[in-house]
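Please read it alongside the sequence and the coordinates.

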Amino acid sequence: MRGALYNKVSRCGPLLLKMSITFNQARFLISAAKLSQCPADTGAEVAFCGRSNAGKSSAINALCRQKSLARTSKTPGRTQLINFFALDEHRKLVDLPGYGYAKVPMAVKDHWHKHLDEYLRNRQALRGMILLMDIRHPLKEFDVMMLEWCAEAELPLHILLTKADKLKKGPQKSSVLAVRRAVPDFVTVQAFSAPKQVGLDELGAKIQYWLEDVEE
Ligand code: GDP
């Protein structure tokens, strides 16, 4: 599949750029309360997850150069839903429900977990996970749970250490190194800041890499 795409690209030469993802064309597709409401499990997608307030909406908006794309997921009643954004006909970004929000009652948390678990276990189109954590408070209980889940499912995982602008350059680098040392080898880690636009290219390149061999 990947070979076929490369052949096509090399024959077309300059078309390579046209085949790369144009993130600013992303558009909201649908919110799903359960797996059966998700769009057809075809093509390829990358999911974003993280504790509430980690900066997930800000990161998706920054990546797609749109002010309110991911605000959809903040609409009351939608916070527990899986929100899908189409990048093009074959590729999607997925905004998973924020987890670990202390004020949410246990029954709702259980629902989230069941819901997430079902998506993560069954979704064939899922190619990789972006896990967001505040650079000042990394690797909380739920982050570790997510890491373990991805390891078990052999799902590629990329960590965004968000709000990097809150730290000076030195502590920023130390935090990235400390997290890199703490996670398994298959996980990649980067610093990120939505308002300062730090790490956008690295994040875009990772998603492009995961999604480039989609079957047309
Ligand atoms: P979500 O709940 O994970 O979707 O988090 P949001 O994207 O809504 O962000 C939560 C809060 O953190 C908001 O007040 C954002 O403005 C702020 N925020 C998000 N990303 C950054 C960042 O990179 N730097 C700073 N300084 N603030 C951020």
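The sections below take up these features in turn, and the model they describe is a predicted one.

Strand 3, which covers residues 82-86, is mostly covered, with five of its five residues buried. In a regular strand, side chains alternate between the two faces of the sheet. Here both faces of strand 3 are covered, with Ile82, Phe84 and Ala86 buried on one side, and Asn83 and Phe85 buried on the other.

Strand 3 runs antiparallel to strand 1 (residues 27-32), and five bridges join the two; across this pairing, Ile30 stands opposite Phe84. Strand 3 is also antiparallel to strand 4 (residues 91-95), to which it is joined by four bridges, and here Asn83 has Asp95 of strand 4 opposite it. The two elements of this second pairing, strand 3 and strand 4, form a hairpin in which four residues lie between them.

## Aromatic pairs

Two aromatic pairs are found when the whole structure is searched. In one of them, the ring centres of Phe28 and Phe85 are 5.8 Å apart and the ring planes stand at 65°, which is over the 60 degrees required, so the pair is classed as edge-to-face. This pair links distant parts of the chain, since Phe28 belongs to strand 1 and Phe85 to strand 3, with the two 57 residues apart. Phe28 has a relative accessible area of 27% and is partly exposed, whereas Phe85, at 0% relative accessibility, counts as buried.

The rings of Phe84 and Tyr119 have centres 6.5 Å apart and planes at 70°, so this pair too is edge-to-face. Here as well, distant parts of the chain are linked: Phe84 is in strand 3 and Tyr119 is in helix 4 (residues 106-122), 35 residues apart. Phe84 counts as buried at 0% relative accessibility, and Tyr119 likewise counts as buried at 0%.

## The ligand and its surroundings

Which residues come nearest to the ligand? Of the 15 residues around the ligand, these are Asn53, Lys56, Ser57, Ser58 and Asp165. By class, the shell consists of three nonpolar, six polar and six charged residues.

A backbone N or O atom of Lys56 lies 2.8 Å from a ligand oxygen atom, and an N or O atom in the side chain of Ser58 is 2.6 Å from an oxygen atom of the ligand. For Asp165, an N or O atom of the side chain is 2.7 Å from a nitrogen atom of the ligand. Taken alone, the ligand exposes 590 Å², of which the protein buries 72%.

## Residues with positive phi

Lys163 has a positive phi of about 60° although it is not a glycine. Lys163 is located in the loop between strand 6 (157-162) and helix 6 (169-182), and with a relative accessibility of 24% this residue counts as partly exposed.

Gln197, also not a glycine, has a positive phi of about 55°. The loop that holds Gln197 lies between strand 7 (187-191) and helix 7 (200-211), and at 48% relative accessibility Gln197 counts as partly exposed.

Conventions: Residues numbered from 1 in each chain as written. Predicted model: local features only at pLDDT ≥ 70, side-chain atom pairs only at ≥ 80, totals over all residues. Heavy atoms only, no water. Buried < 20%, exposed > 50% of the residue type's maximum accessible area, 1.4 Å probe, protein only. Pairing = 2+ DSSP bridges. Near = heavy atom within 4 Å. Polar contact = N/O pair within 3.5 Å; in protein donor to acceptor, adjacent residues only side chain to side chain. Areas by Shrake-Rupley, 256 points an atom, 1.4 Å probe, with all protein chains shown as cover. Nonpolar A, V, L, I, M, F, W, Y, C, P; charged D, E, K, R; others polar. Phe/Tyr/Trp six-rings, centres within 6.5 Å; stacked < 30°, edge-to-face > 60°.
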